[in-house]
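Hi everyone, thanks for making the time.

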Amino acid sequence: MAPRFLTLADVTEVLNISAAQAYALVRSGELPAIQIGGRLQWRVESAELERYIERMYAQTRARIETEVEHDTVPEHG
């Protein structure tokens, strides 16, 4: 059974990003997370990480579609 909560180190591994980037994602609220324990360590729920990944796919698709719509096709004359 997969763990419900992931450490920021787990998030960095899954997303292949730096620790600073993972920290920035949770601090900004872009990737929802909680702080637990006396040392207030960050934990990201696995389901939240999956939702974040899906949002990034959707944003990427939308950006690509917008870029394609604005591309001009050169005319041959």
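I'll start with the ground rules, then go through the helices, the strands and a few backbone angles.

This is a predicted model, where local features need pLDDT of at least 70, side-chain atom pairs count only at pLDDT 80 or more, and totals for chains, interfaces and linings use all residues. Residues are numbered from 1 along each chain as its sequence is written, and side-chain values use heavy atoms, with hydrogens and water left out. Helices (H or I, at least four residues) and strands (E, at least two) are DSSP runs, numbered from the N terminus.

Let's begin with the helix pair. How do α1 and α2 pack? Helix α1, residues 8–15, meets helix α2, residues 19–28, at an angle of about 110°, and their axes are 9 Å apart. Those axes are lines fitted to C-alpha atoms over the stretch in contact, and angles run from 0 to 180 degrees between N-to-C directions. The two helices are therefore roughly perpendicular, a label for angles of 65 to 115 degrees. On the α1 side, the contact (heavy atoms within 4.5 Å) is made by Leu8, Val11, Thr12 and Leu15, while α2 brings Ala19, Ala22, Tyr23, Leu25 and Val26.

Ala9 also sits in α1. Is Ala9 buried or exposed? Exposed, with a relative accessible area of 51%; the cut-offs are under 20% for buried, over 50% for exposed and partly exposed in between, using a 1.4 Å probe and protein chains only.

Now for helix α3, residues 46–70. Glu48, Leu49, Tyr52 and Ile53 are the buried residues of α3. Their cover includes β1 (5–6), α1, α2 and β3 (41–45).

On to the strands, which pair if DSSP finds at least two bridges between them. β1 and β3 are antiparallel over two bridges, with Phe5 partnered by Glu45 of β3. β2, residues 34–36, also pairs with β3 in the antiparallel sense, over three bridges, and Ile36 stands opposite Gln41.

Last, the backbone angles. In the β2–β3 hairpin, with four residues between the strands, Gly37 has a positive phi near 75°. Leu40, in the loop between β2 and β3, has a positive phi of about 50° although it is not a glycine. Asn16, in the loop between α1 and α2, is not a glycine either, yet its phi is positive at about 55°.

Thanks, and I'm happy to go back to any of these!

Technical notes. Angles under 35 degrees count as roughly parallel, over 145 as roughly antiparallel, 65 to 115 as roughly perpendicular and the rest as oblique.
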